[in-house]
Amino acid sequence: MSLSAPVFSGCRRVPASFPDWPGALGGLSIERILAAARIEFVSAAEWSWIEGRSVPRRRMPTTTIGFHYAGAGRLRLAGREHRITSPSLQIVPAGVWHDVRHEPGQPLASIGLHFQAPLPGGGELIETLGFPITLPIDPDGVDAPLVESMRTLARLDAHRPVGWRMLASAEVVRVLMHLVLEHGQSFRPVAAMHSLPARLAPALALIERELPAGPVRIGDLAAVAGVSTVHLRTLFHRATGTSPHRYVQARRIALACQLLREDDAPVAVIAERVGLPQPRVFHRLFKASTGTTPGRWRGEM
């Protein structure tokens, strides 16, 4: 291997002896956002679409990255259409309504990755950093490591060897960092990460602990945060953009999606484990959040 300059000059490393990262996002705030994100793998699968197959209108509690390596189609995201060409990525943030269809005679071949990447003060990594919705890639060149990671994720989820989930989480981080470092010029960061109000942290921790137990009372959240219920609502809206009640509901559905994927227990049992023991209530909230039923979500994932 030849280098344009020595790696070391005497006892000093020479950074210029390595190529720079062409699209890397810079800045300390970006580094903090990446470090703070809780990145959790949910699922990955490889699909060979048949003629007429489509993804119906839905929204997921997970972020979706689709790697399409054959075929062509359309992604409709939040009311706007985006053309799918091959090879390319389509990146759909969590919670956004979308549907996908292939062009007649050009069924897609793809790998779909689902993961969660929430930020502790509210918001989500993909939207905060402004990941592109569609991104042409070069599978045989600079993006070969990305393609290898996507195939590894599908293989891990299909066979589930020892330690597969730990390996999958590492591969998701590898995918995201490849995009940041090699395609950062396509990103459009929309805002800096909200700083987490110190008083809200105990309330968020209580929510995570109490989700399986049932109702999470706003009075209890206010008590552990040391504020009034009125001020707690203000803190939640400022940090997460929603109310405590809706935040708790979203966390229940996100946990349900994870359990539906990881556990073969009946849907009713999963509902109880996320604190929604009434089946009708669970199904209504799940469909309102994702656009599909728990059973169909489990089957499609």
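Among contacts in the chain between residues at least 6 apart in sequence, what percentage join residues at least 24 apart? The figure is 71%, where contact means heavy atoms within 4.5 Å. Before going further, note that this is a predicted model, in which local features need pLDDT of at least 70 and side-chain atom pairs count only at pLDDT 80 or more, while totals for chains, interfaces and linings use all residues. Residues are numbered from 1 along each chain as its sequence is written, and side-chain values use heavy atoms, with hydrogens and water left out.

Let us start with the overall layout. The chain has eleven helices and eleven strands; these are DSSP runs numbered from the N terminus, with helices being H or I of at least four residues and strands E of at least two. Buried residues make up 44% of the 301 residues, buried being under 20% relative accessible area, exposed over 50% and partly exposed in between (1.4 Å probe, protein chains only).

Now step inside. In soluble globular proteins, nonpolar side chains tend to be buried together. A nonpolar core here is a set of buried Ala, Val, Leu, Ile, Met, Phe, Trp, Tyr and Cys residues joined through side-chain atoms within 4.5 Å. The largest one has 34 residues, of which Ile-65, Leu-113, Phe-131 and Leu-179 touch the most other members. Helix H4 gives the most to this core, with seven residues. Leaving out residues up to four places away in sequence, Leu-113 touches a set that includes Phe-41, Ile-65, Met-150 and Val-172.

Rings of Phe, Tyr and Trp (its six-membered ring) pair if their centres lie within 6.5 Å; planes under 30 degrees apart count as stacked, over 60 as edge-to-face and the rest as tilted. The whole structure holds five such pairs. In one of them, the rings of Phe-67 and Tyr-69 have centres 5.6 Å apart and planes at 45°, so the pair is tilted. Phe-67 counts as buried because its relative accessibility is 2%, whereas Tyr-69, at 29%, is partly exposed. Phe-131 and Phe-187 form another tilted pair, 4.4 Å centre to centre with 55° between the planes. That pair links distant parts of the chain, 56 residues apart: Phe-131 is in the loop between H2 (125-129) and E11 (134-136), and Phe-187 in the loop between H4 (164-183) and H5 (201-210). Both Phe-131 and Phe-187 are buried.

A charge sits over a ring if NZ of Lys or CZ of Arg is within 6 Å of the ring centre and within 35 degrees of the ring normal. The charged end of Arg-53 sits over the ring of Trp-49, at 4.4 Å.

Two loops deserve a stop on the way out. Ala-37 lies in the loop between H1 and E3 and is buried, because its relative accessible area is 13%. Its C-alpha is 5.7 Å from that of Pro-118, although the two residues are 81 apart in sequence. Arg-160, in the loop between H3 and H4, has a positive phi near 50°. Most residues other than glycine have a negative phi, and most peptide bonds are trans. The bond joining Ser-86 and Pro-87 is cis, with omega about 0°.
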